[in-house]
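The following note gathers points for a colleague reviewing this model. Please read each point beside the sequence and the structure.

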Amino acid sequence: MMAIPRPSGLALVMLMLLSFNSTQAGEQSVRPGVNRQYENPNWQQWVNTFERSGREVYDKRHAIVAASAVQPGMNIADIGAGTGLFTRLFAEAVTPTGMVYAVDISETFIENILHSSLEQGLANVQGIVNTPRDTGLPADSVDLAFIAATYHHFEYPASMLASIQRALHRDGRLIIIDFRRDPHVSNRWVMGHVRGDKALVIREVQAAGFRLVDDKPLLQSNYFLFFRKALQ
């Protein structure tokens, strides 16, 4: 009997992407209505919610930026930028020639991010009001896509990950920080609000053509996953 050759590593990546693209084409929302509260948000209310002591990603914001290994001159996309906490921190880190794209589905958030950035003298921030299916980022435009406490708000994860793939430079990086969802340690809000656990996120992102590089032990109630765009 003739042996059937196993596909090479590159062939496996291509097969995964073909399957992923097929899924993306007919993708249905996995969380209908999850972002309704951001359609006309109260800016100051969300600043008080997102930028407060006791919220882990706020308390460890400087450590998160350091662990992201950003350098002057890099182009970064802060996807689901919210009130712009990390947008502004990254903008400071990539000066003088780097750019930060603040990406959010809320026009109110983007307008206020641009205003607050200018107030702090940060002229290297651009705003993008995106759709639930697409980041709105130009192709091959960023070195790092950063997603903090937002992945579980993706209604169309396959479509969004495909958009991120297109926007990243060759061998670009993707960081996802989100809540740990574990019935043994997570509170009721996390269990009811967060769609999937870390393992599910890893599977979805790897299926989109990324490879997991690191699972950083920096946070406790959140995880910090570091991916690279798979070479094709």
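Which residues form one aromatic cluster? The cluster consists of Y38, W43, W46, F50 and F109.

The model is predicted, so local features need pLDDT of at least 70 and side-chain atom pairs count only at pLDDT 80 or more, while totals for chains, interfaces and linings use all residues. Residues are numbered from 1 along each chain as its sequence is written, and side-chain values use heavy atoms, with hydrogens and water left out.

1. Aromatic pairs. The structure holds 9 aromatic pairs. Rings of Phe, Tyr and Trp (its six-membered ring) pair if their centres lie within 6.5 Å; planes under 30 degrees apart count as stacked, over 60 as edge-to-face and the rest as tilted. Y38 and W46 form a tilted pair, at 5.0 Å centre to centre and with 55° between the planes. Y38 is buried at a relative accessible area of 12%, and W46 is buried at 11%. Buried here means under 20% relative accessible area, exposed over 50%, and partly exposed in between (1.4 Å probe, protein chains only). The rings of Y151 and F154 are also tilted, with centres 5.1 Å apart and planes at 50°; both residues are buried.

2. Helix α2. This helix spans residues 43-50, and W43, W46, V47 and F50 are buried in it. Seen down the axis of α2, the buried residues fall within an arc of 110°, so they line one face of the helix. The arc is that of the directions from the helix axis to the C-beta atoms. Helices (H or I, at least four residues) and strands (E, at least two) are DSSP runs, numbered from the N terminus. The cover over these buried residues includes α3 (56-59) and α6 (107-119). At the start of α2, a side-chain oxygen of N42 comes to within 3.2 Å of the backbone nitrogen of Q44.

3. Nonpolar cores. A nonpolar core is a set of buried Ala, Val, Leu, Ile, Met, Phe, Trp, Tyr and Cys residues joined through side-chain atoms within 4.5 Å. The largest core has 34 residues, of which I64, I76, F86, F90, F146 and I177 touch the most other members. Helix α5 gives the most to this core, with 6 residues. A second, separate core of 27 residues includes L137, M160, Y223 and F227.

4. Residue T87. T87 is found in helix α5 (residues 85-94) and is buried, with a relative accessible area of 0%. Not counting residues up to four places away in sequence, T87 touches D78, A81, V100, A102, I113 and V125, where contact means heavy atoms within 4.5 Å.

5. Charges over rings. R61 lies over the face of Y58, at 4.0 Å from the ring centre, and R133 lies over the face of Y156, at 3.8 Å. The criterion is NZ of Lys or CZ of Arg within 6 Å of the ring centre and within 35 degrees of the ring normal.

6. Backbone points to inspect. Most residues other than glycine have a negative phi, and most peptide bonds are trans. A cis peptide bond joins T95 and P96, with omega about 10°; P96 is in the loop between α5 and β2 (99-104). A69 has a positive phi of about 55° and is found in the loop between α4 (61-67) and β1 (75-79). D140 has a positive phi near 55° and is found in the loop between β3 (125-129) and β4 (142-148). A69 is partly exposed at 40% relative accessibility, and D140 is partly exposed at 48%.

Conventions. A polar contact is a pair of N or O atoms within 3.5 Å; within protein, one must be able to donate a hydrogen and the other to accept it, and residues adjacent in sequence count only if both atoms are side-chain atoms.
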